[in-house]
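Hi,

Here's the structure I said I'd pass along. Have a look at it first, and my notes on the ligand and its pocket follow below.

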Amino acid sequence: MNEINCRLVENPVLIVTGGGRGIGASVCRMAIARGYTVVFSYLHNKEAASELEQVLQAEGGECLAIRSDVAVEKDVVNLFEIAESTFGPVRALVNNAGVLETQMPLVEMTAERIDRVIATNVRGSLLCAREAVRRMAVSRGGSGGSIVNLSSRAAVLGAANEYIDYAVSKGAIDTLTIGLSREVGSEGIRVNAVRPGLIDTDIHTSGGEPGRVARLCASVPMGRGGSAEEVAETIMWLLSEQSSYCNGALLDVSGGR
Ligand code: NAP
């Protein structure tokens, strides 16, 4: 029997970054329903985070929302320390927090904007993955675990005239997934990524085009955008032992686009 198995652990502790809204919130809901203990972070939207925390706790779930900026090292360390001291060893991480900014060609982008996108999407994911590995690695006294990173089909398509900076950051997430899966595969830790396509969340409003999914859905072979729940289902599968031989996978959840 494989000792490094989330199913063998009662209520494995899962950290979801950016779990108050969108895809992260769907992951939190599904994870609670499937017996995980969930600690999720948020940055600005305390109202959404508190509401989700209350709903999940009222349903009997073990759940905690913590304000923690993934781009700030001490916030990330704090997030993991609180999760561990409250609920015990962390067994799973969904590196979900991510941002994009207003659509524009590269020639118009400021260095400050590029830094903001890279800080959250790349630095944040690296820091959270580091803290997870420090706790999960068998050679460090951990019991293994599973990490799922949120990449994007933008890593492949490039997001020309919209947000190349964001696409670049997601290319880095693919590289992080490949590199770290090889680095910690022998430590009982699996590292995989999902690459969502056009998913109906607030992120498109952040880019200045709330109707982006409707505008582009004809370019999806399946003819529609996807839901946060459809992405969350794939993430839950990658977290679970059902995907026990998946490591370093970049799984497109994009309707074929
Ligand atoms: P969303 O609805 O805009 O939600 C983003 C979440 O990230 C929010 O909960 C936000 O917190 C949190 N966040 C942002 N910056 C943060 C920071 N520095 N520290 C901690 N949390 C932070 O986005 P989404 O569509 O669900 O996207 C989730 C992930 O999927 C992102 O990595 C995104 O790039 C990726 N993705 C999305 C799509 C899509 O079409 N939706 C496609 C491909 C990939 P607050 O609530 O506090 O603001």
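To start with the ligand: how far is its oxygen atom from a polar backbone atom of H44? The separation is 2.7 Å. Bear in mind that this is a predicted model, so that value, like the rest here, is computed from it.

A polar backbone atom of G18 sits 3.2 Å from an oxygen atom of the ligand, and for S68 a backbone N or O atom is 3.5 Å from a ligand nitrogen. As for burial, the ligand on its own would expose 910 Å², and the protein buries 96% of that.

Around the ligand there are 29 residues, with L43, H44, N96, Y166 and T201 coming nearest. By class, that shell splits into 11 nonpolar, 14 polar and 4 charged residues. Helix 1 (22-33), helix 6 (164-184) and helix 7 (203-206) are the elements giving two or more residues to the shell.

The ligand takes up the space of the largest pocket, which holds about 1000 Å³. Its lining runs to 46 residues, and N96, G98, V99, T201 and I203 are the closest to the centre. Elements that contribute two or more lining residues are helix 1, strand 2 (37-42), helix 5 (154-157), helix 6, helix 7 and helix 8 (212-216). Sorted by class, the lining has 20 nonpolar, 18 polar and 8 charged residues.

Cheers

Definitions and conventions
Residues numbered from 1 in each chain as written. Predicted model: local features only at pLDDT ≥ 70, side-chain atom pairs only at ≥ 80, totals over all residues. Heavy atoms only, no water. Near = heavy atom within 4 Å. Polar contact = N/O pair within 3.5 Å; in protein donor to acceptor, adjacent residues only side chain to side chain. Areas by Shrake-Rupley, 256 points an atom, 1.4 Å probe, with all protein chains shown as cover. 1 Å grid on protein atoms, 1.4 Å probe; cavity = no way out; pocket = protein on both sides within 12 Å on 5 of 7 lines; lining within 4 Å. Sits in = over half its atoms within 2 Å of the grid points. Helix = DSSP H or I, 4+ residues; strand = E, 2+ residues; numbered from the N terminus. Nonpolar A, V, L, I, M, F, W, Y, C, P; charged D, E, K, R; others polar. Points joined across faces, edges and corners; volume = space filled by probe spheres on them.
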